[in-house]
Amino acid sequence: MIRLGLRLTLGGGREAAARLVVTAIAVALGVGMLLAALACLNALNAQNGRAKWLDSGEQGTSSPSGSKSASDPLWWILTADQFGNQTIDRVDLAATGPDSPVPPGIAHLPGPGQYYASPVLSKLIRDTPANQLGDRFPGKQIGTIGDSALTGPDALVIVIGHSASQLSHAHYATEVTSIETPAAAAGGTAGVENSATLKYIFIAAACALLFPVLTFIGTATRLAAARREQRFAAMRLVGATPRQVSVIAAVEASLAAVGGVAVGFGLFFLLRPALTTADFTGEPFFPGDLSPGLADILLVAIGIPAAAAVAARVALRRVQIAPLGVSRRVTPRALRAWRVIPLLAGIAELSYFAVVGHPGTTGGQAVAFFLGFLLLMTGLIIAGPWLMMAGARAMARRAGSPAMLIAGRRLSDNPRAAFRAISGLILALFVTGTAVGVITTLVDDHGGGLGGSTLARETLLDQASYYAAPGKAATTADPIPEPVLAKLRSIRGVQAVTVIRADPRAAQNANPYDTAGLVSCAQLAQDPALGRCAPGASVALVTADFTDSVKGLPSQRTAVWPAAAISPGRLAGLPVQLIAVRTNGSSAAIEQARTVLDLASPYLGLPATVDQLTAAAGAQIAAWQREAEIVIIASLPIAGCSLAVSVAAGLTDRKRPFSLLRLSGVPLGMLRRVVALESAVPLVVIAVISAGTGLLGAALFLRSQFDVSFQPPGMQYYLIVLAGLVASLGIIASTLPLLQRITGPEVARNE
């Protein structure tokens, strides 16, 4: 039977060849996308593994799991620096003996006045004026950090050596007895930002893309399904067993799947160079990281053909149960209203969490929301045919023309086939609605209009107070000498320097994150972006956290700060809490000011503009947005291909009935209107339901997870949906000329 199946598949004429090619293309798209998603997950894990050594300071004096403890501890400080919009991971360390542990990527520990830098950072230091970058790292570069310690080829990392006597007195210094390894327990703060969230994003994107692809595969395998069912039913009637028929169908499906898998692997390796440059995590991957593992390859290479064979067997269930029913064209049973239960269950599940709040654990949230959206997507697929049938019956009852009556009767007779033609596009619209709804609301809630303003680009902020370090009490930094402030003001492009000092009354406050401070009204008058003093005040009490990217500097321009009961003379002797440097926005002025602040308060924090703080706070949203754009761009064309194949397959399967209608006097234009109505009316109606369900799911998710109100998408979303519908209608129209060629008198003869 295998030989017969191969002969029927390869020698079945143009129809069989077209079905084989289209199915192989559909499988290739699915395999390529699945391999890309698996490779991105592997690359994300590799990035986090190589950055694990940066978490060594989080362990303090304990020995991290998976590491060998050294007898001589290592003094360690991990801080973040900034150059332009790029973050620099800076590690200051000092050995206490010859057996101090050595981080990966370097040959030996740097001594006092020595440092290692990553390749890209080394080039930046060479090519940038020293007062803008190099002066922050005193000493001499003695080597380059290897790839084993870098998250990606563009990573900016520097390891600076000090003496133990110098570094041991630094506020954030901890003793490290061993270096974290990739095999160590998960956790820590270094590495790729929001890595757990990014994993969920990659998994969700893969699932969202696979749904249209699987629909495309299912549509392609049903190409000329009516003729194949008749052929298999005839085999059953002449004595073939169900098993023999299943073997023949499985051979055909597996052959297309094997070819599609081979093409899919080639497609993945062809597109892998582009994936290495994609900004999924904030920096590109190493090419070697984007590789599926052996288990992934076996899963795809064996699982896809096996799934295709199972799908072919399921598709033949009518033939195996009742071959006479297929050959006699028995009308399928009417669908029942129970099909809407999964859709209603998904809405109810998400509504429940929107009312009571999301689960307390990350794992519980992932399960809850994954189940809810899975029920919504599955519910749309299951309820779609029933909704189609109900709408078709209503259209037939109110038909105003023969074409509408025929279309309505045909849709109500077999709503599954009609819905199958548009199911891929419906899922794409659901995914688009959900993604755009979530992103639009989060960007609006996180102050999406604040970043990018002139104020956000020009003002550099430096937090000059220490938060509580492990084993140490919260305190303020050493007073900033007046010469440092004078040097800041002397930089070309610096327009104002405003110093906010610690409020003495806040020392009795148990909250180390209290941001209340005091500012000179004379200085504040030079920088109105920070607000203004109350009339008659010489010193004002500032209660805003200007480093907050949402509620900080951009929202305080109109604030009026109350007078503080302290003299300007006493104010000058208080410790500095925050320095705001207003520049003309030039990169030279910003980087020179940042260098001066870095040298004045080493190991303290990250002097950054408000624009950069906003960008850092929106990194997770940006990742969601990039993934959503990929899903939208990829799923709509795939769904369009599915629609084209489905409409063409439907015409091919019904060419004999249409030919009989033409012989009986029905005009060709009426038949074209019938086909257009059969495809366009369900498409528009179900598209509205699908997009609305996606927006509803987004609103419930936002209320549950973030406790924010849903913000309707902008005009761009509606234009995308409209463009998708117009393109789909164009695809339907492009198949109409085929109707004249396949409905000639010769097709109507009895076989």
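Is Phe-701 buried or exposed? Phe-701 counts as buried, at 15% relative accessibility (buried is under 20% relative accessible area and exposed over 50%, with a 1.4 Å probe and protein chains only). The model is a predicted one, in which local features need pLDDT of at least 70, side-chain atom pairs count only at pLDDT 80 or more, and totals for chains, interfaces and linings use all residues. Residues are numbered from 1 along each chain as its sequence is written, and side-chain values use heavy atoms, leaving out hydrogens and water.

Phe-701 has a ring partner in Phe-369: the two sit edge-to-face, 4.9 Å centre to centre with 80 degrees between the planes (rings of Phe, Tyr and Trp, the last by its six-membered ring, pair if their centres lie within 6.5 Å, and edge-to-face means planes over 60 degrees apart). Phe-369 belongs to helix α12 (residues 362–397) and Phe-701 to helix α23 (residues 668–705), so the pair ties together parts 332 residues apart in sequence (helices are DSSP runs of H or I, at least four residues, numbered from the N terminus). Phe-369 is buried too, at 8%, and ring pairs link Phe-369, Phe-373 and Phe-701 into a cluster.

Then there is the largest nonpolar core, with 35 residues, where Ile-422, Leu-651 and Leu-739 touch the most other members (such a core is a set of buried Ala, Val, Leu, Ile, Met, Phe, Trp, Tyr and Cys residues joined through side-chain atoms within 4.5 Å). Helix α23 gives the most to this core, with 10 residues.

Methods: Phe/Tyr/Trp six-rings, centres within 6.5 Å; stacked < 30°, edge-to-face > 60°. Helix = DSSP H or I, 4+ residues; strand = E, 2+ residues; numbered from the N terminus.
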